[in-house]
Amino acid sequence: EVYEVMGEVIIKPTRENILPSIAISGRILYNGDLIHSSNDGEIQINLIENSHHITMSGLSELQIEFEKPTFQLKLNYGNIFVKTSNSINLNCLVITHSSKILLDEGELWITRSITDKDQMYVIKGSSMIILEKGIKQHIEMGEMLIINDNNEVAINKITEEMLPIEIFQKLEKNLQLETEKTPFTVMNYFIEDSSIAHAFHKEENI
């Protein structure tokens, strides 16, 4: 289902009896639908009865392919941000010309250029990417994988200049939550100090 639209976004159904039309909130999407956004366009799609959210922005083209139990997003070119949670009885994939990205619980920023250059950034969680000939690459939060047009693969740490500012801020927040320690309290201090904890234990036994 289309949740929100900004700018110009066109939906082109594969069914012959339905003409292309402007995307509007609340519209149901079907197998084979092709979504095209202009430079100023942005569309958020929610999977019905599921916690998967897909946002496509800028000059991009995405095709939906759905046949239970598999839901595929074929990214022809452009940018998508995917926020997913564990799904029951539904396999979700993002497909490009050179890879398949398995969608598990987490957040991903994926870009594909018209010159066949794929880039996948893990903003939260981790991701499994299946390359040509079934080769698998696993990347964690804070890492990105790039596939060039000659199918060369490289994995690097994400830096600020690689991402739109709002996406990088999401990553920073997620990394901070990951590394935060238990807040200091007097009780935590007592529990962590073995001599004090032993003294409390002795008093309880008197």
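A cavity is a set of grid points where a 1.4 Å probe fits but cannot get out. In this predicted model, the largest cavity holds about 60 Å³ of space. A search of the whole structure finds 1 cavity of 30 Å³ or more.

**The largest cavity**
- Its lining includes Val82, Thr84, Leu102, Leu103, Asp104 and Glu105.
- Gly106, Glu107, Leu108, Lys124, Ser126 and Ser127 are also among the lining residues.
- Strand S7 (70–84), strand S10 (106–112) and strand S11 (118–130) are the elements that give two or more residues to this lining.
- The lining residues divide into 4 nonpolar, 4 polar and 4 charged.

**The second largest pocket**
- This pocket has a volume of about 210 Å³.
- Glu42, Thr55, Ser57, Phe81, Trp109, Pro164, Glu166, Ile167 and Lys170 form its lining.
- Two or more of these residues come from strand S6 (53–67), and two or more from helix H1 (165–179).
- H1 gives the most, with 3 residues.
- By type, the lining has 4 nonpolar, 2 polar and 3 charged residues.

**The nonpolar core**
- The largest nonpolar core has 43 residues.
- Ile35, Ile80, Val94 and Leu163 have the most contacts inside this core.
- S7 supplies the largest share of the core, 6 residues.
- Beyond its neighbours within four places in sequence, Ile35 is in contact with Val9, Ile10, Ile11, Leu29, Ile43 and Ile45, among others.
- The contacts of Ile35 also include Met56, Ser60, Glu61, Leu62 and Ile64.

**Strands that pair with S6**
- Strand S4 (residues 34–37) pairs with S6 in the antiparallel sense over 4 bridges.
- Within that pairing, Leu34 has Gln63 of S6 as its bridge partner.
- Strand S5 (residues 42–46) runs antiparallel to S6, and 5 bridges join them.
- Here Glu42 stands opposite Ser57 in S6; both Glu42 and Ser57 also line the second largest pocket.
- S6 and S7 run antiparallel and are joined by 12 bridges.
- A hairpin links S6 to S7 through 2 residues.
- Glu67 has Thr70 in S7 as its bridge partner.
- In a regular strand, side chains alternate between the two faces of the sheet.

**The S13–S14 hairpin**
- Strand S13 (residues 143–147) and strand S14 (residues 153–157) are antiparallel partners over 5 bridges.
- Met144 stands opposite Asn156 in S14.
- The two strands, S13 and S14, form a hairpin with 5 residues between them.
- In the turn, Asn151 has a positive phi of about 70°.

**Met141**
- Met141 sits in the loop between strand S12 (136–140) and S13.
- Its relative accessible area is 15%, so Met141 counts as buried, the cut-off being under 20%.
- Not counting residues up to four places away in sequence, Met141 touches Val122, Ile123, Lys124 and Gly125, among others.
- Leu171, Asn174, Leu175 and Glu178 are also among the residues that Met141 touches.
- Of these, Lys124 is also one of the residues lining the largest cavity.
- Met141 and Leu108 are 33 residues apart along the chain, and their C-alpha atoms are separated by 9.1 Å.
- Leu108 is another of the residues lining the largest cavity.

Notes. Residues are numbered from 1 along each chain as its sequence is written. This is a predicted model: local features need pLDDT of at least 70, side-chain atom pairs count only at pLDDT 80 or more; totals for chains, interfaces and linings use all residues. Side-chain values use heavy atoms; hydrogens and water are left out. On a 1 Å grid over the protein atoms alone, a cavity is a set of points where a 1.4 Å probe fits but cannot get out, and a pocket is an open set with protein on both sides within 12 Å along at least five of seven lines; lining residues have an atom within 4 Å of a point. Grid points are joined across faces, edges and corners, and a volume is the space filled by probe spheres set on the points. Ala, Val, Leu, Ile, Met, Phe, Trp, Tyr, Cys and Pro count as nonpolar, Asp, Glu, Lys and Arg as charged, and the others, Gly among them, as polar. A nonpolar core is a set of buried Ala, Val, Leu, Ile, Met, Phe, Trp, Tyr and Cys residues joined through side-chain atoms within 4.5 Å. Buried means under 20% relative accessible area, exposed over 50%, partly exposed in between (1.4 Å probe, protein chains only). Contact means heavy atoms within 4.5 Å. Two strands pair if DSSP finds at least two bridges between them.
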